[in-house]
Amino acid sequence: MPQTDPSTDRSVGTILGKRARAAPDAPFIVADDRTLSYREADRESNRVANAVERLGIGAGETVLVMMPNVVEFILLWLGLGKRGAIQVPVNTAYRGGLLVHVVNDSAATTMIVERRFLDRLADVADELMHVARLVVFDRDGGAPALPGPLASMERLDFGVLLQAPETPRESFPAHRDIKAVMYTSGTTGPSKGVMVTHAHAYTYAHGNFELMEVESGDRFYAPLPLFHIAGQWAVCYAAMIGGASAAIAEHFSVERFWPDARRIGANVTFFLGAMANFLARQPESPDDATVTIDKALVVPMFPDVHDFGRRFGMRVKTTYGSTETCAPHRMEWDDPNWKTCGKLEDELFEARIVDENDEEVPNGTVGEFVIRGREPWVLMAGYWRHPDWTEKAWSNLWLHSGDAMWRDDEGYYYFADRVKDSIRRRGENISSMEVENEINRHPDVVECAVFPAPSEHTEDEVMAAVVPKPGRALDPVDLIRFLEPRMAYFMVPRYIDAVEALPKTPTGKIQKFDLRDRGVTPTTWDREAAGVKLGR
């Protein structure tokens, strides 16, 4: 049996082992093609861990994983964790330069990849610096040859990882050991590899377990990618900690979400704000009353989120979190204040709101959210192979989130913006999120993104990229008149672009840097050029 110290060991192998002994036949992962029990997860991940060791992959060595949402991804996550190898999940939308950056920056020599992504690797084969072995997963059971540009690499079938003995591991990594390098979505610049310890991943997952009050018998369904912390930790790991089951799907679909949730009997979910907003904007149906989900995490909230919850019979709450900072806030169900992300879990974390000089600002003042743990290893250990980025992020002994927030006198925190997305117009600071919330109330709008555009008067102008509802044409003047009574005059956008879709990461984050770089184009509507005046 593995030798562990229950008081300190928070490695994934320890947690899975406890569940496998307590409820071996209980379902852990539910997918369209199979259900994985806790006993099966424990045994099959032992096979993966032993196979990885036989391949000569040492503890502390990185392994790239570019896989869809399938049970085999879960087994990799668990097996690599048991071995002590460092999982490096790859965003399955990456190709070209983005893919090269993550693959090379990871310094991994082994990559586990689904067959359909081989052509993407072949396209950049001459730029890959370290990868020498490809373990190919083919869900149809085939054994495809590597494309020509990759032919010099060692090739193995994924099945090799499941053919090793299921002998239990003699020991597991310590809670302080690096479990994964999770690359950020790159919404504001190049993706950074966040070094995640076993304790960090456990703390994030345990926080979501507590927040969502996950219990044995719950079924947690959220079609979020497993290469991201929300899918891997907030859903699957939180379910494991609670002895519940997690249902996985390859991607989110507005049309399929409720039917799938009913079919699998899901009662817990995690909505990214855009997902919930899309569902809330669908026409009402008699089937709304038959939704099985009772507990919904919505991140971030939106103005009519409580109407959304009542419509589908769900309790709702939210939180704040990131790959670097964990998820340190807690709140009650159906808190009427939809703008807050809750209070700090201050038994485990300390936090401040600071100015550009790292001086704490008074309550009610927007500044950067900085945080540190009261226990070691519960926040990121740094950025992989970039000590300069780590030093900057951890300046003055606080981890800098890059997020602008403010705190009220009762201790509730409010997300204002990404620091780089905040807008300053003629001396006024503007939260892009607050402007977006009001634009999204317009009956012709599906979603939008608000960002700064350079002003000829110095500072910024407010610009909005807006996605109209299908079959509707957005009238910019009508939108301006809609917004006037709902916000301060200086917040009303000057520039409006009607677009078919917003640039996003696969996890639903809007890539505002792309919109900022594009800026004002010949098709952009300009309120001032159109002569539309605002009342004050």
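At what angle do helix α2 and helix α3 pack? About 60°, with their axes 7 Å apart. Before I go on: this is a predicted model, where local features need pLDDT of at least 70, side-chain atom pairs count only at pLDDT 80 or more, and totals for chains, interfaces and linings use all residues. Residues are numbered from 1 along each chain as its sequence is written, and side-chain values use heavy atoms, leaving out hydrogens and water.

Back to the helices. α2 covers residues 38-54 and α3 covers residues 71-83; helices here are DSSP runs of H or I, at least four residues, numbered from the N terminus. Axes are lines fitted to C-alpha atoms over the stretch in contact, and angles run from 0 to 180 degrees between N-to-C directions. The angle makes α2 oblique to α3, oblique being whatever is left after under 35 degrees (roughly parallel), over 145 (roughly antiparallel) and 65 to 115 (roughly perpendicular).

Which residues of α2 meet α3? Among them are Ala41, Val48 and Val52, and on the α3 side the list includes Leu75, Leu76 and Gly79. Contact means heavy atoms within 4.5 Å. Asp, Glu, Lys and Arg count as charged; Ala, Val, Leu, Ile, Met, Phe, Trp, Tyr, Cys and Pro as nonpolar; the others, including Gly, as polar.

Last item, the lining of the largest cavity. Its residues divide into 5 nonpolar, 2 polar and 2 charged. Helix α8, residues 254-264, gives the largest share of that lining, 3 residues.

Key
Helices (H or I, at least four residues) and strands (E, at least two) are DSSP runs, numbered from the N terminus.
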